[in-house]
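Here are my notes on this model, as numbered points. Please read them with the structure open.

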Amino acid sequence: MDEPAYASLRGNVSSLGRLLGETIAAAQGQPFLDLIEQIRGLSKSAREGSAGARAELQALLHQLDKEQLVPVARAFSQFLNLANIADQHHNVSREADPLLSASRSLATGLDELLQEGVAREAVIAAVRELRIELVLTAHPTEITRRTLIHKHGEIGRCLAQLELQGLTGRERERLHIRLRELIAQIWFGDDFRLERPTPVDEAKWGFAVVEDSLWRAVPEFLRRLDRALHDSCGEHLPLDVSPVSFVSWMGGDRDGNPNVTAPVTARVMLLSRWQAADLYLADVVHLVEELSMTRCSEELGRLAGGAHEPYRVVLRQLRDLLRHTRAAIEAELEGEPVPEGEVLHSTRQLWQPLYTCYQSLADCGMQIIADGALLDLLRRVRCFGVHLVRHDVRQDSARHTQALSELTTYLGLGDYALWDEPTRRGFLLRELASRRPLVPPRWQPSDPVREVLDTCAVVASQPAEALGAYVISMARQASDVLAVHLLLKEAGCSHNLPVAPLFETLDDLSRAREVVDALLQESWYRTHIQGRMMVMIGYSDSAKDAGVLAAAWAQYRAQEELLQVCSDFDTRLTLFHGRGGTIGRGGAPAREALLSQPPGSLQNGLRVTEQGEMIRAKLGWTSMAVKTLALYTGAICRANLLTPPAPRQAWRELMSTLASESCDAYRAVVREEPDFVAYFRHATPEQELGKLPLGSRPARRAGSGGIESLRAIPWIFAWSQNRLILPAWLGAGAALQRALDRGQGQMLREMSAVWPFFATRLAMLEMVFAKTDADISAYYDERLVPAGLRRIGQALRVQLRSDTATVLEIGGTAQLLAGEPWIRESLRLRNIYTEPLNMLQAELLQRNREAADPVLERAIMVTIAGVAAGMRNTG
């Protein structure tokens, strides 16, 4: 490991830890800090192999007084949060590896493409046609309060300031005082929300990410991309390109969330317009102050009415429009009369005066002024429009079926829900082609159906640029897509909103081609979509259904088949990837994940969810957001210009066998072991997770209380807490070992060396195994699981050890993460602080399950947050 490269990181972790210790000593007393140091020392010895130290640590935690539980848990949890801040800062700091910087990665990526034989014109075209659409979702895995996120960001800014050369002693002292203040604010504050956020609260949190980070990150990223393109190819980015855009599910994703209603969605859309107007207003006010020049073009002179300072005149008009727009939206939100006057409703109202100012400055010899704050604002207009983000709506297909069932029954046509697929499709196509309305004006549907119709009415009332797509979860037939088109038509939707089926279970993925083919066979549908289609691939539920290896192969094959069928019908397919942050939900490092997709899958751009705490980790700081966008850009350009290798037929056959065998091994435990659900509930904090005030959506879908009703996020979150991380590996290693036993080891190694898809699967398994801890899992079983169920955990840990050895054998290495020394070292350091939290959590769970207590519940919540920080992801 390159020690000098990480010296500043180690120094920052040590410095923040010392400041936290000083804060704890001042708040709780020196004896309490001594206790924390004793626990840390025992944990360090235990990690180094001392069985005596582990037993002593367990005994010490068992003896903690009730009053000590929360402060002890908080001490270790907060240290892990501070270590994460230092780690995140290091990733974007001046002292990090320059090859990791956004500018360097962009320039190097384009230069490498040219060196590998890609034509200059092709590189220019690929950059100009770049489409990155990041979908911010409200999945309840962001465990950190917004006020803490702000403080964490401030700590990161202080660390960045301390790196600057030439600081005086007084300036350094002031920064260290500020760090002490922030850490004290954190220690004396509350770690958790008292109540669950509403969908509107979640949407405001998403808008805050735009305000705090993305508003600055987008123009900065585009400046760096423009510079890299010019340096490599001698061309600049056109002014009107929009390679990056953002979409939100917050306030629009109603799948299984009864708290997201039509009025909520309408309110969130108004709030996003207000936020956009407010951000634009601040930028325009700044430009009014700056652009006091008098020389201008004829066009701008006409626009300004011949005024002496034409730029200011035009910008003041825009300022007044934005102020009035903001006031009008505020009145509408409060239910008050909306003041008369023009409001901002289209991007053109912003773009035209700003672009005219830009052209005038350029034409009059003031290009350097044009390319300052004004250029940044023009870039923002292209990215954020007047709505800040575009909004998706998501609903379960069963809700649309219920609506049409009630309607056809009322009309005396029979029960739509009981019709077979050809009958449904025929009815829908006839109604879609008809000019008469289908829904009678005096019909009184049930409340759930009224909600579906009201949602469609909200969609119909919005301009096209406010909307992203209508996503149908659990889409299984062509009629599920046509049904939404009909409901939108009946609501009066005049624009061609993409309606995207979401294929998420193993069976759904295997039938995706059949469903899309059936749609494209219909002339009405082909005419309506005008050669463009969107399909969403679900990663979470397919992995929960079949295990990670079978799900990954099903996702890969579904993408290949969908690309082929759309090509057959001359239709451009946008694949929408519903990934999570964890490996069990499709997560992987951005570059590796994109380059492991099937050839051609990124030709029409990238549309991918950014979920939960991953939004903060990848987009929450401006510098990190710039780096994230640069990584996506490099990977997309490489994938589109240098086609990833397609798998050989023999590899496909082996992969299909591995998928089938891994699915069988996974389901043998999760579905066929009769006591598995009971074991899961005892061995993890799954029941306690439901009490965390994380998100507005219930942890379970309606229905039974089994695994199938549990959402994928809490399913994975719970297993990450007891360090077994079962969903991310179960079944995969068993299938790989069977291939080794058949003498196919050499083929597996060839696949890993040449095929990015398979190499990424193995790398992700290795990462998971490095985060697991069989000893901690066994301790949870010892404290929490009835004796009759412990055999399940014992068998799983045996399988874990066997699977780890299998992956190491295929990779030809003796230890996990042999090629990633810093990640290995980072995990080792974190484990010293995470293990006490795990052990304390098991202790607390046992106490609370025997006799529930609010203090115990709060301490459990702290340990859950701390372990999540130590693991660096939740769900």
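1. Terms and basis. Helices (H or I, at least four residues) and strands (E, at least two) are DSSP runs, numbered from the N terminus. This is a predicted model, in which local features need pLDDT of at least 70 and side-chain atom pairs count only at pLDDT 80 or more, while totals for chains, interfaces and linings use all residues. Residues are numbered from 1 along each chain as its sequence is written, and side-chain values use heavy atoms, with hydrogens and water left out.

2. Ile369. This residue sits in helix H14 (residues 367-384). Ile369 counts as partly exposed because its relative accessibility is 30%. The classes are: buried under 20% relative accessible area, exposed over 50%, partly exposed in between (1.4 Å probe, protein chains only). Setting aside neighbours within four places in sequence, Ile369 is in contact (heavy atoms within 4.5 Å) with Leu291, Met293 and Leu361. Ile369 and Met293 are 76 residues apart along the chain, and their C-alpha atoms are separated by 10.0 Å.

3. Cysteines. Cys364 is buried, with a relative accessible area of 11%. Cys158 is also buried, at 5% relative accessibility.

4. Nonpolar cores. A nonpolar core here is a set of buried Ala, Val, Leu, Ile, Met, Phe, Trp, Tyr and Cys residues joined through side-chain atoms within 4.5 Å. The largest one has 187 residues, and within it Leu658 and Leu748 touch the most other members. Helix H4 (residues 66-92) supplies the largest share of this core, 12 residues. Beyond four places in sequence, the contacts of Leu658 are Leu549, Ala735, Leu736, Ala739, Leu748 and Phe758. Another core lies apart from the largest one and has 97 residues, among them Leu315, Ile329, Leu595 and Ala635. As background, nonpolar side chains tend to be buried together in soluble globular proteins.

5. Surface patch. Tyr410, Leu411 and Leu413 make a nonpolar surface patch of about 280 Å². Patches are made of residues with over 30% relative accessible area and no salt bridge; like charges are joined within 9 Å, nonpolar side chains (Val, Leu, Ile, Met, Phe, Trp, Tyr) within 5 Å. Accessible areas come from the Shrake-Rupley method with a 1.4 Å probe, and for residues only the protein chains shown count as cover. Tyr410 belongs to helix H15 (residues 397-410). At 47% relative accessibility, Tyr410 is partly exposed.

6. Backbone angles to check. Most residues other than glycine have a negative phi. Leu388 has a positive phi of about 70° although it is not a glycine. Leu388 lies in the loop between H14 and strand S3 (390-396). Is Leu388 buried or exposed? Leu388 is buried, with a relative accessible area of 1%. Met474 has a positive phi too, near 55°. Its loop runs between strand S4 (467-473) and helix H18 (478-490). Met474 counts as buried, at 15% relative accessibility.

7. Salt bridges around Arg54. The rule is a side-chain nitrogen of Lys or Arg within 4 Å of a carboxyl oxygen of Asp or Glu. By this rule the count comes to 54 salt bridges. One of them joins Arg54 to Asp775, with the closest N and O atoms 3.8 Å apart. Arg54 is in helix H3 (residues 51-62) and Asp775 in helix H34 (residues 774-784), 721 residues apart, so the pair links distant parts of the chain. Arg54 is buried at 17% relative accessibility, whereas Asp775 is partly exposed at 42%. Arg54 also meets Glu835 in a salt bridge (2.7 Å, N to O). Glu835 is in helix H36 (residues 821-850), 781 residues from Arg54. Glu835 is buried, at 0% relative accessibility.

8. Asp376 and Arg223. These two form a salt bridge, the closest N and O atoms being 2.9 Å apart. This pair also links distant parts of the chain: Asp376 in helix H14, Arg223 in helix H9 (residues 199-233), 153 residues apart. Asp376 is buried, with a relative accessible area of 17%. Arg223 is partly exposed, at 26% relative accessibility. Elsewhere, salt bridges that share partners join Arg47, Arg54, Asp773, Asp775 and Glu835 into one network.
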